[in-house]
Amino acid sequence: MNFFEKEALIRQKAEEFENASPETVIRWAVDTFPNITFACSFGAEDVVLVDMLQKISPKTDIFYLDTDFHFKETYETRDRMVEKYGLEFVQVKPKITPEEQAAEHGAELWKSDPNACCNIRKVEPLTRILGQYEAWITGIRRDQAPTRANAKKVEYDTKFGLVKFNPLAAWTSEDVWNYIRENDVIYNPLHDRNYPSIGCEYCTRQVMPGEDPRAGRWAGSDKTECGLHK
């Protein structure tokens, strides 16, 4: 399939999938693009997708970006999922350690230049791992942020040069939590402590009543995305 054929197929499927279930999107994704991976951050949306993938295509690769700065609860959630599903997450690390980063860029880079920190610890590792695949699956939902409002269930990711699937794009937070409860899915306990969106420990705070769900990410700056998604 050349680029133009792939582009036409993506446009067609984006329309067809608009009212399709996440499971339908995932089945088509793994059947059509066997060389596909899922990027898991162990947030509520992603644990749902792990559960779905284990039921639909348990051999599909699932990776996570280990920034070295995650909450201990995030690592514990990973370990509990490994035990429950018997799967092996692919760990993707930055090229430099936190100590090397501090020596090269100064202490607490996430405060002085959060974009640079994200580029080192997230964007570069993601670019490296996605270069091995022709498609990827994400947990993006449209109502998470204005930057995600136009996400389609299948689209071409121009930033990383591969097909991108967002099976939960049309879901609400309530849909996500209904699935978690109904299927007894393991989730990060930080969600029960006013952390609706969980990133690195240094750049994530609790969200107060009435605040936007992503207000706890990069609080005090105008940054809204880590650079993984447009």
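## Salt bridges, cores and helix packing

Lys93 is partly exposed, with a relative accessible area of 31%. Here buried means under 20% relative accessible area, exposed means over 50%, and partly exposed lies in between (1.4 Å probe, protein chains only). This is a predicted model, in which local features need pLDDT of at least 70 and side-chain atom pairs count only at pLDDT 80 or more, while totals for chains, interfaces and linings use all residues. Residues are numbered from 1 along each chain as its sequence is written, and side-chain values use heavy atoms, with hydrogens and water left out.

**Salt bridges**

Side chains of opposite charge can pair when their charged atoms come close. A salt bridge is a side-chain nitrogen of Lys or Arg within 4 Å of a carboxyl oxygen of Asp or Glu. The structure holds 15 of them.

| Pair | Closest N and O atoms |
|---|---|
| Glu45 and Arg141 | 2.8 Å |

Helices (H or I, at least four residues) and strands (E, at least two) are DSSP runs, numbered from the N terminus. Asp68 is partly exposed at 28% relative accessibility.

Glu45 and Arg141 link distant parts of the chain, 96 residues apart. Glu45 sits in helix α3; Arg141 sits in the loop between β4 (135-137) and β5 (154-157). Both ends are buried: Glu45 has a relative accessible area of 13%, and Arg141 has 6%.

Glu108 is partly exposed at 39%, whereas Lys111 is exposed at 60%. Through shared partners, salt bridges also join Asp66, Asp68, Lys93 and Arg121 into one network.

**Nonpolar cores**

In soluble globular proteins, nonpolar side chains tend to be buried together. A nonpolar core is a set of buried Ala, Val, Leu, Ile, Met, Phe, Trp, Tyr and Cys residues joined through side-chain atoms within 4.5 Å. The largest has 41 residues, and Val50, Phe89 and Phe165 touch the most other members. Its largest share, 7 residues, comes from α3.

Which residues does Phe89 touch, not counting those up to four places away in sequence? They are Cys40, Phe42, Val50, Ile62, Tyr64, Arg78, Met81 and Val82. Contact means heavy atoms within 4.5 Å. A second, separate core of 11 residues includes Phe63, Val92, Tyr133 and Trp136.

**Helix packing**

Helix α2 (residues 22-32) has Pro22, Val25, Ile26, Trp28, Ala29 and Val30 as its buried residues. These pack against α1 (3-16), β1 (36-39), α3 (44-56) and β6 (162-165).

The axes of α5 (residues 98-105) and α7 (residues 114-130) come within 12 Å and cross at roughly 145°. Axes are lines fitted to C-alpha atoms, for helices over the stretch in contact, with angles from 0 to 180 degrees between N-to-C directions. From α5, Pro98, Gln101 and His105 make the contact; from α7, Cys117, Ile120 and Arg121 do.

Asp175 is found in helix α8 (residues 173-182). Asp175 is partly exposed, with a relative accessible area of 30%. Its C-alpha atom is separated by 24 Å from that of Arg205, 30 residues apart along the chain.
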